[in-house]
Amino acid sequence: MEECELAEMRAALVGKKKRKAKPRPEPVPEEYTYIYLLQRAKSMKVNGSRVLMIPPADCLIENHRTCFANIGKVCRSINRTPESLAKFITKEFNTEASFRKDDALYIKGKFDTGKINTLIREFVKRYVQCSSCKYFQTTAVYTKKYLRFKCEICNEVFRVEL
Ligand SMILES: [Zn+2]
């Protein structure tokens, strides 16, 4: 009786082992995971930067309007939409602006390039740079009224009014 039960238990164990041995996706070894995560963390540190290269604004005054020709290029360098920067500029200058087919922004009124560059820096400080770790690697989500952005370096989340 006992022997029979033992044999059954063995059979059950073998059965279990066999089931476990069935081909399954191999679990990722712990070492690999650790190294992978470490390398990822290191690469993020390398990619993270407290220096942001922004092309200077290319502006031209014509017929009581200021043409901000390279707003697209500027916005690609700061990873934000031209619309959000345009909104900020018009609010600060208390004026109106519209985009033309060539992607240039036409701002009503005469504004010098230096002032626009200052506004771009201000925009970056408020809507791009992480105020916790001071890095610029942030990703944005837009809603009608707000801009929500998350820092890719320290994971801090910010919500600012646009
Ligand atoms: Zn941060």
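In what order do the four strands of the open sheet come, and is the pairing parallel or antiparallel? The order is β1-β2-β4-β3, and the pairing is antiparallel. Strands count as paired here if DSSP finds at least two bridges between them.

## Ground rules

This is a predicted model, so local features need pLDDT of at least 70 and side-chain atom pairs count only at pLDDT 80 or more, while totals for chains, interfaces and linings use all residues. Residue numbers start from 1 along each chain as its sequence is written.

## The overall layout

The protein chain has five helices and seven strands, and along the sequence they follow the pattern α-α-β-β-α-α-β-β-α-β-β-β. Helices (H or I, at least four residues) and strands (E, at least two) are DSSP runs, numbered from the N terminus.

Of the 162 residues in the protein chain, 17% are buried. The labels go by C-beta atoms placed from the backbone: a residue is buried with 20 or more others within 10 Å of its own, exposed with 12 or fewer, and partly exposed in between. Take the contacts in the protein chain with a separation of 6 or more: 43% of them join residues 24 or more positions apart. A contact means that the two C-beta atoms, again placed from the backbone, lie within 7 Å.

## The sheet and its helix

Three bridges join β3 to β4, and the two run antiparallel. F99 has L105 in β4 as its bridge partner. Helix α4 packs on the sheet, where it touches β3 and β4, and its direction makes about 15 degrees with that of β4.

## The nonpolar core

The largest nonpolar core has 21 residues, and A57, F68, I71, V74, L85 and I116 have the most contacts inside it. The elements that give two or more residues to this core are α3 (71–78), α4 (82–93), β4 (105–108) and α5 (113–127). Four residues come from α3, the largest share. Such a core is a set of buried Ala, Val, Leu, Ile, Met, Phe, Trp, Tyr and Cys residues joined through C-beta atoms within 7 Å. In soluble globular proteins, nonpolar side chains tend to be buried together.

V74 has some partners from elsewhere in the sequence: leaving aside neighbours within four places, V74 is in contact with I54, P55, A57 and I120.

## A closer look at α3

Which residues of α3 are buried? They are I71, V74, C75 and I78.

Helices α3 and α4 pack at about 105 degrees with their axes 9 Å apart. They are therefore roughly perpendicular to each other, a label for angles of 65 to 115 degrees (under 35 is roughly parallel, over 145 roughly antiparallel, the rest oblique). Axes are lines fitted to C-alpha atoms, for helices over the stretch in contact, and angles run from 0 to 180 degrees between N-to-C directions. I71, G72 and C75 of α3 make the contact with P82, L85 and A86 of α4. After α3 comes N79, with a positive phi near 60 degrees.
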